[in-house]
Amino acid sequence: MHPRNVVSRRPRAVPAAFAVVTLAVAGLTALPASGSDPAPAEAAEAAETAETAVQTIALDDLLAEAGPTARSDGSVPGTGAIETDPFDVAAVTWPATEGPSDIHLHVRARADGTWTDWYELHDDGHAPDPGTPEADGARRGTDPVVVPGSEAIELRVEAPDGEVPAGLELTLIDPGTAAADAAPAPAEAQAEAGATASAAPLPPIHSRAAWGADESLREQTDPLYGDVEGGFVHHTAGTNTYTEADVPAILRGIYEYHVTGRGWRDIGYNFFVDRFGRIWEGRWGGIDRAVVGAHVEGYNSYSVGVAALGEFTATQPGQPVIDAYAQLFAWKFGLGDVDPLGTFAYPNQQTLPTISGHRDGVATECPGELLYAQLGTIRAATQAQLNPPPAAEHDFDGDGRSDMIGRGSSGALFLLPGRGNGTFGTRVQIGTATNWGIYTAFVPIGDFDGDQHGDLIARENSGKLFYLPGRSNGTLGTRVQIGTVNTWSTYSALVGVGDFNGDGHNDMIGRGSSGALFLLPGRSNGTFAQRVQIGTATNWGIYTALIGVGDFNGDGHNDMIGRESTGKLFYHPGRSNGTLGTRVQIGTVNTWSTYSALVGVGDFNGDGHNDMIGRGSSGALFLLPGRSNGTFAQRVQIGTATTWKTYTALV
């Protein structure tokens with residue numbers, strides 16, 4: 001069957017002089033772009049983005065002519081195969097005056113001679129809020145189904161109540177190609193200068209330009225703003241196997257459907273999340289503003305709508321999707337102090353959790369059973385983003401597990417990622433010999449600058465002190481000098497001890513050339529306050545190793561361990577005011593004198609107690625499990641001499 005009743009086909013971004021063109025096929029007409037005429041420069045830019053073709057097929061006569069189409073569970077009206085021009089996005093609409101409908105629409109498409117599975121579509125419940133100018137003339141419809149590269153479509157209609165809305169139309173969209181499709185790195189959207197700061201960091205958000213939005217298509221007047229008191233989770237429909245490069249075109253197709261097929265002022269969702277965990281700007285008006293969308297009828301003015309690209313009724317959402325939702329909701333909620341674990345009474349509507357699924361607001365399957373089942377996880381992850389736990393001193397890659405950093409014999413620096421079970425993953429080089437062979441001391445200091453990433457302090461062979469900010473992915477940012485030769489070259493030992501004085505900032509302890517011990521209070525901005533002496537040369541000059549072990553005895557205060565020149569091991573309990581209590585011997589000469597390196601690594605084996613790692617005289621590596629009472633359990637070998645004896649520094 002051919003689409004003889006296609007009533008419009010509208011290439012986008014054509015010159016104004018040729019805006020209306022009669023096509024060779026009877027009944028097909030190319031119409032001009034909707035919306036206000038852009039300025040010449042804007043029009044030129046739009047013409048360079050994409051040509052979008054829209055086919056609109058009136059279904060009433062087709063369904064009446066075709067009659068019932070047989071299927072296994074009975075007979076339902078169907079269109080049979082409709083041969084079309086190429087399209088990537090399909091959806092069905094009907095006049096808003098027909099009201100909500102419980103029809104079940106089954107759609108499949110053909111690409112390269114192969115039919116897709118049947119997709120089931122419903123009244124999507126998306127609409128502008130009643131009484132707004134955008135609601136005037138808007139059409140009801142289904143979610144768009146994404147079926148890239150299709151050239152034919154078939155539709156079946158089921159109406160449980162026996163009523164099929166009059167004026168059904170099938171909208172098919174070819175989003176064309178745009179420069180954004182081939183962009184090596186999508187452009188990021190920016191919050192307005194001087195915008196309110198959020199309690200959570202702004203995640204990377206790809207701008208409308210990054211997906212090739214034709215800004216002349218949307219309504220040209222200022223957007224409507226409301227408040228963000230909650231967020232709704234949506235899904236689109238169709239393929240879950242799209243590539244990264246497919247996403248801009250998919251978004252352009254949805255944009256065209258929402259504006260041309262539904263009659264809305266702009267795309268309905270505020271943001272999108274793709275299966276790779278990337279976040280995309282949706283409706284125009286400012287990512288940090290409370291732009292009123294058209295995603296849940298009656299709830300738009302008080303919420304942000306975020307749609308995951310894909311269908312999640314039978315497909316599990318991947319972890320990147322969950323993480324992206326949490327990052328975005330945390331940032332948006334942090335702008336207005338919204339509790340992700342709370343509820344909100346939407347005016348004239350229901351009281352719902354602040355993070356809800358579309359189906360909570362209206363009767364719909366969205367966001368699919370399997371994504372809906374993840375709402376609790378998304379809420380908890382959003383809360384964790386807004387109230388993150390302190391970064392572990394030794395978590396350099398942001399996975400919540402303790403790691404080590406090692407410098408090889410060549411001087412190159414390596415991340416040694418912990419697996420959380422007392423073993424290491426494959427090492428990753430994170431620095432060259434040229435940059436890292438010059439340091440005489442490394443100190444893991446936890447989150448030193450307040451950005452929730454584990455950082456490193458390093459002393460150069462010249463004696464200068466540098467702060468190296470962690471990036472949470474296992475790499476370190478550009479070093480910043482924070483100390484001079486005269487001040488820092490005199491220390492024979494430097495140890496990271498976490499928040500040792502209870503002021504909320506991570507600190508160091510240093511032993512001077514005389515043997516006296518000093519607390520070096522951190523300021524949370526990457527610098528240190530005035531040092532305070534907390535121990536005499538007589539007591540502290542006798543140690544050949546000093547190790548920060550966090551809260552080793554479970555009393556809530558950070559502690560230290562020292563190995564005496566005799567080889568005996570002692571535990572020094574911290575007092576929370578920056579001083580240390582009376583030492584307690586916890587190891588003998590025979591056991592502890594054999595270690596060439598001792599490193600405090602936090603809870604390395606995941607048992608809730610802080611541990612140490614030691615390298616024996618042969619070079620073999622051992623886990624020394626802490627017991628939380630200031631002693632160690634039986635050591636466990638976790639590395640061979642061949643692998644570990646080559647490191648000149650381990651921290």
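Predicted model: local features only at pLDDT ≥ 70, side-chain atom pairs only at ≥ 80, totals over all residues.

Residues are numbered from 1 along each chain as its sequence is written, and side-chain values use heavy atoms, with hydrogens and water left out.

**Stop 1: the sheet**

Start with the open sheet of six strands, ordered S14-S17-S16-S18-S15-S21 with mixed pairing. Helices (H or I, at least four residues) and strands (E, at least two) are DSSP runs, numbered from the N terminus, and two strands pair if DSSP finds at least two bridges between them. Which strands sit at the edges? Select S14 (205–206) and S21 (355–357): each pairs on one side only.

Now pick residues 230–235 and 303–308. These are strands S15 and S18, which run parallel and are joined by six bridges. Within this pair, Phe232 of the chain stands opposite Gly305 in S18.

Next, show helix H4 (residues 319–336), which packs on the sheet and touches S14, S15, S16 (271–273), S17 (279–281), S18 and S21. Contact here means heavy atoms within 4.5 Å. The direction of H4 makes about 165° with that of S18; axes are lines fitted to C-alpha atoms, for helices over the stretch in contact, and angles run from 0 to 180 degrees between N-to-C directions. Helix H7 (residues 375–386) also packs on the sheet, touching S15 and S21, and its direction makes about 160° with that of S21.

**Stop 2**

Most residues other than glycine have a negative phi, and most peptide bonds are trans. Go to Asp337, in the loop between H4 and strand S19 (343–345). Its phi is positive, near 60°, and this residue is not a glycine. Is Asp337 buried or exposed? Asp337 counts as exposed, at 74% relative accessibility. (Buried means under 20% relative accessible area, exposed over 50%, partly exposed in between, with a 1.4 Å probe and protein chains only.)

Move on to Asn348, in the loop between S19 and strand S20 (351–353). Asn348 has a positive phi too, about 65°, and is exposed, with a relative accessible area of 80%.

Then select Cys366 and Pro367: a cis peptide bond joins them, with omega about 10°. Pro367 is in the loop between helix H5 (358–361) and helix H6 (369–372).

**Stop 3: charged pairs**

How many salt bridges does the structure hold? There are 16, a salt bridge being a side-chain nitrogen of Lys or Arg within 4 Å of a carboxyl oxygen of Asp or Glu.

Show the side chains of Arg262 and Asp124, which meet in one of these at 2.9 Å, N to O. Arg262 lies in the loop between helix H3 (247–261) and S16, and Asp124 in the loop between strands S10 (119–121) and S11 (139–141), so the pair ties together parts that are 138 residues apart in sequence. Both Arg262 and Asp124 are buried.

Now try Arg359 and Glu369, whose closest N and O atoms are 3.1 Å apart in their salt bridge. Arg359 is partly exposed at 21%, and Glu369 is partly exposed at 43%.
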